[in-house]
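Visitor: I am new to reading protein structures. Could you walk me through some aromatic rings?

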Amino acid sequence: MDLLKKLKDFKNRYASPFEMRDDGIMGMNQRNVNYIGRYNKRSLFPLVDNKLLTKKIALENHVNTPVLIGSVENQHQVEDIFNIIGEHTEFCIKPAHGSGGKGILVIKDRSKTSGNFIKASGQEIPTHELKRHITNILAGLFSLGGKQDIALIEDLIHFDNVFSGYSYDGVPDTRVIVFQGFPIMSMMRLSTAASDGKANLHQGAVGVGICLRTGRAVRAVQFNEPVSIHPDTDKDLSLLKVPHWHQVLELASSCYDMSGLGYIGTDIVLDRDRGPMLLELNARPGLAIQICNNAGLLPRLRLIEAITKKHRLSIKERVAFSMEHFGVFNE
């Protein structure tokens, strides 16, 4: 009887492959072969796998992105770090080939008495520890495959107070999947104590599906389970609304023209002074966004494939089409 009950619970809990197919849910193999493999040229992958190259093409195309203060490409430059930083007291150091938030060091200030750098947590770190962190980045400690890396130094993003309480010890970002220049699905990723302040769903961040028409919350999940409030702040997630939503979608759409990649994930943050800014691009965006939106990607992808065979639209036209067709009432 216990086994029978477990089987029934499993059936009620998980959809069959046939049900998922009927609901338009896209699997990893389908994503890799039919969309990433078909629409993303391999020669263009370095543009998004290397955050320094992403930053450079964003600046060349006048895409709003955090200011690049400088970069450290070899050990000799580590000793020149103060000349690179200059007068900046707020900055972020990250590996060019990092993933999942690994190796990111956020500096909020510098002590006038000790000269130490002050992290977002309030902890002070001396100069030699800052240099050691950069050395670890160069050695590939945080990079994909452990290969030698480059350290980027960026201007700090100033958290917009509109999202206060929606994230735990981290800056929330908006992931927009863009196909052939059309935004097709979106979610916000909210850090938690479980995710160690990182906006990574696999580590326990909360994912909130966002309606493409309104910028409002559709559904929230943590560890693939529905949640209604933030586990650490008790904030009601159903009240979440992304401001400057039209601007966010136009920024995401423009990344197709900028990169040439047909199927990408765009990660966008909201700065209190500069508005929506591109944080990074992903040529292999994950599929959990479907769970957050309680909707499959395939119907939207196929609609865009039919459209792009007949028409070539501007960024504004593409965004208008997506907002009209991919709102929560058009599933």
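Visitor: Is Phe91 buried or exposed?

Guide: Buried means under 20% relative accessible area, and exposed over 50%, with partly exposed in between (1.4 Å probe, protein chains only). Phe91 has a relative accessible area of 0%, so Phe91 is buried. Bear in mind that this is a predicted model, where local features need pLDDT of at least 70 and side-chain atom pairs count only at pLDDT 80 or more, while totals for chains, interfaces and linings use all residues. Residues are numbered from 1 along each chain as its sequence is written, and side-chain values use heavy atoms, with hydrogens and water left out.

Visitor: How many aromatic pairs does the whole structure hold?

Guide: A pair of aromatic rings is described by the distance of the centres and the angle of the planes. Rings of Phe, Tyr and Trp (its six-membered ring) pair if their centres lie within 6.5 Å; planes under 30 degrees apart count as stacked, over 60 as edge-to-face and the rest as tilted. The search finds nine such pairs.

Visitor: Which cluster does Phe179 belong to?

Guide: Ring pairs link Phe179 with Tyr35, Tyr39 and Tyr263. Phe179 is buried, at 0% relative accessible area.
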